Amino acid sequence: MNPRSFRTRVLCARVWRLYLKLALLYNMSEKGEVDLTGAKQNTGVWLVKVPKYLSQQWAKATGRGEVGKIRICKKGNQGKPEVSFTLNEELTTIEGIEDKTVSAPREHPFTMQSVGGQMLAVFTENSSGQSEERSDGSSSGSGAGAGPDKIALEGVVVQRAECRPAVSESYMKLKRLQIEESSKPARLSLQLSKPVTTNYKPVANHEYNREYERKKKEDGKRARSDKQQVLDILFSAFEKHQYYNIKDLVDITKQPVTYLKEILRDIGIYNVKGTHKNTWELRPEYRHYQAEEKTDE
């Protein structure tokens, strides 16, 4: 048997096992169907780790424009090929680091790594039935109206690599600015050279505190009147209304709160619940309106 044919069969078998696992998972979640065009075409893909700033610069590319070029060269008949990526000139400008503009390095050599016996694949998810164009020009979706999410197998990972920037003056400057930016504290303490006049000015005592102190002094200055005189005022007030809160009774009688409560306990009832909660009313034996109700009956 041809060794190359045998490896191809083993690879296809692994792909189908991976597909069965994925199909079972998505059938259980009712996610949608899986497009296996990449498996049928035996498409191989590379899994490459790139620096964060490089992926951010790629995101700035307009449309499906070109972000750079990959160069693969092999010296002689033996040895591993040398792979490098060159970033486009218009994507080298990095802004926003300490309010400065720096240039990203353009040359990025690859460090090639083996897959290591792992079974890795690349899938794409296309929601609402929108079609997505593959790198080989084929389409991975129906593109007709909205529909369930569609999963497409783009290919099986056949090579792993790490994209590293070449050591240069621009790269060292970029790293220095990134380190300085990350080491900055989130908050800074500043010494004011003049008073702040745009915000609220500090005050020694707020208005509501002064109002409270004023009322407290007025209550303290109120002299206790004769008990019978206070009772006459209370009975006269309860002839007009059945319920009063303590604040209104203090304003009517002009008496201290503690002294007024002592008198109210003798002739009144304090409601702690119901519709007239936190109010005072006369005891049944002092109510003038009960006799009127009996007369009406």
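Analyst: In this predicted model, a residue is called buried when its relative accessible area is under 20%, exposed when it is over 50%, and partly exposed in between.

User: Why is Trp46 called partly exposed?

Analyst: The relative accessible area of Trp46 is 39%, and since buried requires under 20% and exposed over 50%, Trp46 falls in between and is partly exposed. Trp46 lies in strand β2, residues 44–49, and together with Ile70, Ile72 and Val158 it forms a nonpolar patch on the surface, with about 400 Å² of accessible area.

User: What makes Trp58 and Phe85 an aromatic pair, and which kind of pair is it?

Analyst: The ring centres of Trp58 and Phe85 are 5.5 Å apart, and the cut-off for a pair is 6.5 Å; the planes stand at 80° to each other, and because angles over 60 degrees count as edge-to-face, the pair is edge-to-face. Trp58 lies in helix α3 (residues 52–59) and Phe85 in strand β4 (residues 82–87), so the pair ties together parts that are 27 residues apart in sequence. By this rule, the model has four aromatic pairs.

User: How do you know whether Trp58 and Phe85 are buried or partly exposed?

Analyst: Phe85 has a relative accessible area of 5%, which is under the 20% limit, so Phe85 is buried. Trp58, at 29%, lies between the two limits of 20% and 50% and is therefore partly exposed. Beyond Phe85, the residues that Trp58 touches, not counting those up to four places away in sequence, include Val50, Val67 and Leu87.

User: Why are the buried residues of α8 said to lie on the same side of the helix?

Analyst: The buried residues of α8 are Tyr259, Leu260, Ile263, Leu264 and Ile267. They cover an arc of only 135° around the axis, which puts them on the same side of α8. Thr258 and Arg265, on the other side of α8, are exposed, whereas the buried residues pack against α6 (227–238), α7, β10 and β11.

User: What makes Asp266 and Lys227 a salt bridge, and which parts does the pair tie together?

Analyst: The closest N and O atoms of Asp266 and Lys227 are 3.3 Å apart, and because the rule asks for a side-chain nitrogen of Lys or Arg within 4 Å of a carboxyl oxygen of Asp or Glu, the pair is a salt bridge. Asp266 lies in helix α8 and Lys227 in helix α6, so the pair ties together parts that are 39 residues apart in sequence. Asp266, at 42% relative accessibility, counts as partly exposed, and so does Lys227, at 40%.

User: How do you know whether the salt bridge of Glu281 and Arg287 has buried or exposed partners?

Analyst: Glu281 and Arg287 form a salt bridge with closest N and O atoms 3.3 Å apart. Glu281 has 8% relative accessibility and Arg287 has 18%; the limit for buried is under 20%, so Glu281 counts as buried and Arg287 is buried as well. By this rule, the count comes to seven salt bridges.

User: What makes the phi of Asn278 worth noting?

Analyst: Most residues other than glycine have a negative phi. Asn278 is not a glycine, yet its phi is positive, about 65°. Asn278 sits in the loop between β10 (268–271) and β11 (279–282), and at 41% relative accessibility it counts as partly exposed. Lys254, in the loop between α7 (246–253) and α8 (257–267), also has a positive phi, near 60°.

Notes. Residues are numbered from 1 along each chain as its sequence is written. This is a predicted model: local features need pLDDT of at least 70, side-chain atom pairs count only at pLDDT 80 or more; totals for chains, interfaces and linings use all residues. Side-chain values use heavy atoms; hydrogens and water are left out. Helices (H or I, at least four residues) and strands (E, at least two) are DSSP runs, numbered from the N terminus. Buried means under 20% relative accessible area, exposed over 50%, partly exposed in between (1.4 Å probe, protein chains only). Patches are made of residues with over 30% relative accessible area and no salt bridge: like charges are joined within 9 Å, nonpolar side chains (Val, Leu, Ile, Met, Phe, Trp, Tyr) within 5 Å. Accessible areas come from the Shrake-Rupley method with a 1.4 Å probe; for residues, only the protein chains shown count as cover. Rings of Phe, Tyr and Trp (its six-membered ring) pair if their centres lie within 6.5 Å; planes under 30 degrees apart count as stacked, over 60 as edge-to-face and the rest as tilted. Contact means heavy atoms within 4.5 Å. The arc is that of the directions from the helix axis to the C-beta atoms.
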